[in-house]
Amino acid sequence: MRKPSRPPGRGPRISGPSKSKIDRKAYSSDQDVRWCPGCGDYAILAAVQRLMPQLDVQREKVVFISGIGCSSRFPYYMETYGMHSIHGRAPTIATGLKASRPDLDVWMVTGDGDALSIGGNHLIHILRRNVNLQILLFNNQIYGLTKGQFSPTSEIGKVTKSSPFGSVSPPFNPISLSLGASSSFSARTLDRDVKHLTQILKRAHAHHGTSFVEIYQNCNIYNDGAFFEFTEKATKPDRSIFIEHGKPMLFAKESKGIRLDGFRPEVFDLNDGDVSVDDAIVYDETSLELAEIVSRMSQQPSMPRPFGVFYCEERPTYEQMLQDQVNEVTQKRGSGDLDKLLHAADTWTIS
């Protein structure tokens, strides 16, 4: 478990007048940041460090948990408590920590390889349990730390060191996966859109339950430009659509929209005389059915790529239900003395 290089102390909550004295530097550790120059991870780290002072949370209550991969260096660079754990097991450790210390503000940082390959089973279970924490999945569609093999999100035909003739495996869609695993909050954003990234991180933190955030992150060494069509000025308007609750699904500088033909989304042009804004889907982030339909747009090359909050549902959290169960059993049976039980005899009879 990494401890902050500068002990956070037990000062007042970061709120009110004192809040202005806390800035990004307070959350920047003394560790050298060891990512490749130009890596998208830098932008995400800066956004998180700038965000933390805005949250009404004591710094000594914040914990970052990660697995293995480039993204999983994150806890070293945050001046908070944290753990760089083992491959794919960050959800397990984060669940145990939150169950035993529900008062902590837990963030889990992972990558597409760490979370969706060896950690796939662990990820789906933390989502279905609805542990109250934030999951940031950095998706660069490649294995960066191990030098450029194809990952669970690499596209079909991707030529890499481990697929010299092109990958034949269909990629995971992280948002669709999270929805299928009963995530109570699913969102997508980009490293190069700092404003949108910050807004989504704020929404994720405000949500009571598991917040799953997929972040498109550029790996400029092994998969440079994988998402440039969604981030660059020349192509972003036509290739990206930013969904917002209660607003029509429009893109291309509001010259085009998305409507439903049955259960199939399709693009229409507002310059055509027989259509209007009223034909566009008004997005509803509380509709799981609509979230699933829109999440699948990512797998249709002719459709713009959706970003924003796909789904948000309030339901009981795992640690609260666990504590309620303990309290209920304690009230019925009385509190036990584990130490007394362990030292009572060499054997026990269980009835």
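**From the whole chain to its interior**

Among contacts in the protein chain between residues at least 6 apart in sequence, 67% join residues at least 24 apart. That figure, like every other value discussed here, belongs to a predicted model.

The overall dimensions can be set beside this contact pattern. A compact globule of 351 residues would have a radius of gyration near 20 Å, and the protein chain has 22 Å, which agrees with that expectation. The C-alpha trace spans about 80 × 55 × 45 Å along its principal axes, and 48% of the 351 residues count as buried. In terms of secondary structure, the protein chain comes to twelve helices and eleven strands.

Strands of a sheet pair through backbone hydrogen bonds, and the pairing can be either parallel or antiparallel. Both senses occur around β11: strand β5 (residues 185–190) pairs with β11 in the antiparallel sense over four bridges, whereas strand β7 (residues 240–243) pairs with β11 in the parallel sense, also over four bridges.

A separate arrangement to examine is the open sheet formed by three strands in the order β8-β9-β10, in which the pairing is antiparallel. Its edge strands are β8 (250–251) and β10 (264–269), each of which pairs on one side only. Between β8 and strand β9 (residues 256–261) the antiparallel pairing runs over two bridges, and the bridge partner of F251 in β9 is K256.

The last step concerns the space that the atoms leave unfilled. Rolling a probe the size of a water molecule over the atoms shows where empty space is left. A search of the whole structure finds one cavity of 30 Å³ or more, and the largest cavity has a volume of about 50 Å³. Which residues line the largest cavity? The lining consists of L190, D191, R192, Y216, N218, F227, F228 and T231. By class, this lining has four nonpolar, two polar and two charged residues. The lining also leads back to the strands, as L190 belongs to the lining and strand β5 covers residues 185–190, the strand that pairs with β11 in the antiparallel sense.

Terms used. Residues are numbered from 1 along each chain as its sequence is written. This is a predicted model: local features need pLDDT of at least 70, side-chain atom pairs count only at pLDDT 80 or more; totals for chains, interfaces and linings use all residues. Side-chain values use heavy atoms; hydrogens and water are left out. Two strands pair if DSSP finds at least two bridges between them. On a 1 Å grid over the protein atoms alone, a cavity is a set of points where a 1.4 Å probe fits but cannot get out, and a pocket is an open set with protein on both sides within 12 Å along at least five of seven lines; lining residues have an atom within 4 Å of a point. Grid points are joined across faces, edges and corners, and a volume is the space filled by probe spheres set on the points. Ala, Val, Leu, Ile, Met, Phe, Trp, Tyr, Cys and Pro count as nonpolar, Asp, Glu, Lys and Arg as charged, and the others, Gly among them, as polar. The radius of gyration is taken over C-alpha atoms; the globule rule is 2.2 Å times the number of residues to the power 0.38. Buried means under 20% relative accessible area, exposed over 50%, partly exposed in between (1.4 Å probe, protein chains only). Contact means heavy atoms within 4.5 Å.
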